Amino acid sequence: PDLSDTILNGEDRNRRISVIDMVVDSCDGGDFDSVHPCSNVTSLDGTVYCSQAPRNINIVLLAEQVLAPICTHIVVKAPSNGYTCPIKDGLVFLLPNEGRLPKLDDYLDMTKTDFEHMWKMKERNAEKWRPDEPVAFFSIPSDCETPITEPLKVTCPTRRILVHLLRSQSSMGENIDVEFVAVKGYKGSAYFPQSQLV
């Protein structure tokens with residue numbers, strides 16, 4: 001099925017939000033085997049990415065279009081069944097079009113509560129978003145069989161998104177299994193001023 005039919009809702013269509021065409025630019029988790037490569041995450045076709053590394057994983061997605069899109073939402077799906085380490089939580093960062101990844105030391109143990117508190121304090125103190133700060137925290141319920149969608153706290157033109165997958169401490173295995181990751185937004189940079197809070 002067309003990704004737009006599966007992911008976009010009526011409000012998205014009214015706001016002219018689209019599914020941004022993304023490819024995997026880099027992944028530091030390794031592949032468990034040749035059947036479960038990281039490239040599987042960009043297709044909602046039942047294939048799954050299984051990492052090899054027993055730790056948190058960084059996946060950088062790159063927009064295929066030349067004009068930097070305005071990313072507004074992250075969409076993530078965990079494998080429905082048959083996998084011992086389905087993804088539960090993760091952070092999202094907006095990256096500059098070129099350059100190194102942000103240092104994640106301050107966010108290795110971040111929870112959803114920590115993320116919400118950080119943003120509440122920033123809004124209370126009228127602090128501007130810094131490019132090394134996460135713009136979304138997603139959590140997937142264990143019984144969820146459909147993609148979950150989480151809005152980004154900041155919208156700005158960028159072709160690169162970092163998805164920081166947090167390994168579940170309660171999983172039976174040591175790696176991370178994720179079926180699908182996508183980005184929704186505007187395919188032109190004329191919709192929002194840069195770094196607008198949403």
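What follows is a short briefing, grouped by topic.

This is a predicted model, where local features need pLDDT of at least 70, side-chain atom pairs count only at pLDDT 80 or more, and totals for chains, interfaces and linings use all residues. Residues are numbered from 1 along each chain as its sequence is written, and side-chain values use heavy atoms, with hydrogens and water left out. Helices (H or I, at least four residues) and strands (E, at least two) are DSSP runs, numbered from the N terminus.

**Salt bridges**

- Side chains of opposite charge can pair when their charged atoms come close.
- A salt bridge here is a side-chain nitrogen of Lys or Arg within 4 Å of a carboxyl oxygen of Asp or Glu, and the count by this rule is 10.
- Asp12 pairs with Lys184, with the closest N and O atoms 2.6 Å apart.
- Arg55 lies in the loop between strand 3 (49–50) and strand 4 (57–63), and Asp28 in the loop between strand 2 (22–27) and strand 3, so the pair ties together parts that are 27 residues apart in sequence.
- Arg55 is partly exposed at 38% relative accessible area, and Asp28 is partly exposed at 32%.
- Lys112 and Glu150 make another salt bridge, their closest N and O atoms being 3.9 Å apart. Here the link runs between distant parts of the chain, from Lys112 in helix 3 (residues 112–124) to Glu150 in strand 8 (residues 148–151), 38 residues apart.
- Lys112 counts as partly exposed at 29% relative accessibility, and Glu150 counts as partly exposed at 22%.
- Salt bridges that share partners join Lys122, Glu127, Arg130, Asp132 and Glu133 into one network.

**Aromatic rings**

- Rings of Phe, Tyr and Trp (its six-membered ring) pair if their centres lie within 6.5 Å; planes under 30 degrees apart are stacked, over 60 edge-to-face, and the rest tilted. That rule gives three aromatic pairs.
- Phe115 and Phe137 have ring centres 6.3 Å apart and planes at 40°, so this pair is tilted.
- Phe115 is buried at 4% relative accessibility, and Phe137 is buried at 2%.
- Phe115, Trp119 and Phe137 form one aromatic cluster.
- The charged end of Lys122 sits over the Trp119 ring, 5.9 Å from its centre; the rule asks for NZ of Lys or CZ of Arg within 6 Å of the ring centre and within 35 degrees of the ring normal.

- Which phi does Arg16 have? Its phi is near 65°, a positive value in a residue other than glycine.
- Arg16 is in the loop between helix 2 and strand 1 (18–20) and is exposed, at 63% relative accessible area.
- Ala126 has a positive phi too, near 55°. Ala126 lies in the loop between helix 3 and strand 7 and is exposed at 66%.

Definitions and conventions. Buried < 20%, exposed > 50% of the residue type's maximum accessible area, 1.4 Å probe, protein only.
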